[in-house]
Amino acid sequence: MLSRASLLRTATSSVVRRAMATEAAHRPPLDIYGLNARYANATYVAASKAGSLEKVEAELLAIKKSAETSAEFASFLENPLIGRDTKAKQVEELLKGQTTTVTLNLMTVLAGNARLSSIAGIADSYVQQMKAKRGEVEATIISADPLNKTQTAAVSEAMKGQFPAGAKVVLKTEVDPSIMGGLQIQIGDKFLDLSVGSRIEEVGRTVV
């Protein structure tokens, strides 16, 4: 028969294991660092626990877009002459009932810490975590002239071997006439330069 002390140790161990498993379930998928990432990571954990990860992502992107398209809103976020407490109160009045509690809490904390101007970077870091959670891999094809559907499909097919098995590829195309021809391809943090411009520069360096 187990002693009372043994039963207590067993129960405590079980509680600790459950707590650790719970924390692990809400941990951000990526280890990213910096001040913006700290806020984004904390927001991710809070949103995960609240079951509102996607909702918070949409809200942060909407706030970021407003900051980019509204000079008045951007000025409010960046204005250092408004006191922290006043700005936090104004943020609460603006967002209360319009966003999740997680997003509201983030914005009021940023206002209190005079960090509202960092919301775009925080939103980007949060989106980075969400893309990792969804298993998304971003790939960007840069060409001198717009690619048609057939060309885009051909390049995409040729790139398949560069993606992890089961990855959800988010493909974007961009046009940059300065590369003069060929392609530049960005897959996550990997960059492949097959442009005419880069080859001309290489020849120039060789000649010199």
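1. Buried means under 20% relative accessible area, exposed over 50%, and partly exposed in between (1.4 Å probe, protein chains only). Glu136 is therefore partly exposed, with a relative accessible area of 25%.

2. This is a predicted model, in which local features need pLDDT of at least 70 and side-chain atom pairs count only at pLDDT 80 or more, while totals for chains, interfaces and linings use all residues. Residues are numbered from 1 along each chain as its sequence is written, and side-chain values use heavy atoms, with hydrogens and water left out.

3. With a salt bridge taken as a side-chain nitrogen of Lys or Arg within 4 Å of a carboxyl oxygen of Asp or Glu, the count comes to 4 salt bridges. Glu57 forms one with Arg134, the closest N and O atoms being 2.9 Å apart. Glu57 is in helix H3 (residues 53-69) and Arg134 in the loop between H7 and strand E1 (136-143), 77 residues apart; helices (H or I, at least four residues) and strands (E, at least two) are DSSP runs, numbered from the N terminus. Glu57 counts as buried at 10% relative accessibility, whereas Arg134, at 26%, counts as partly exposed.

4. Arg134 also meets Glu136 in a salt bridge (2.9 Å, N to O). Shared partners join Glu57, Arg134 and Glu136 into one network.

5. Another salt bridge is formed by Lys131 and Glu138, with the closest N and O atoms 1.9 Å apart. Lys131 is partly exposed at 23% relative accessible area, and Glu138 is partly exposed at 29%.

6. Leu35 lies in helix H2 (residues 35-50) and is partly exposed at 32%. Its C-alpha atom is separated by 9.9 Å from that of Arg115, 80 residues apart along the chain.
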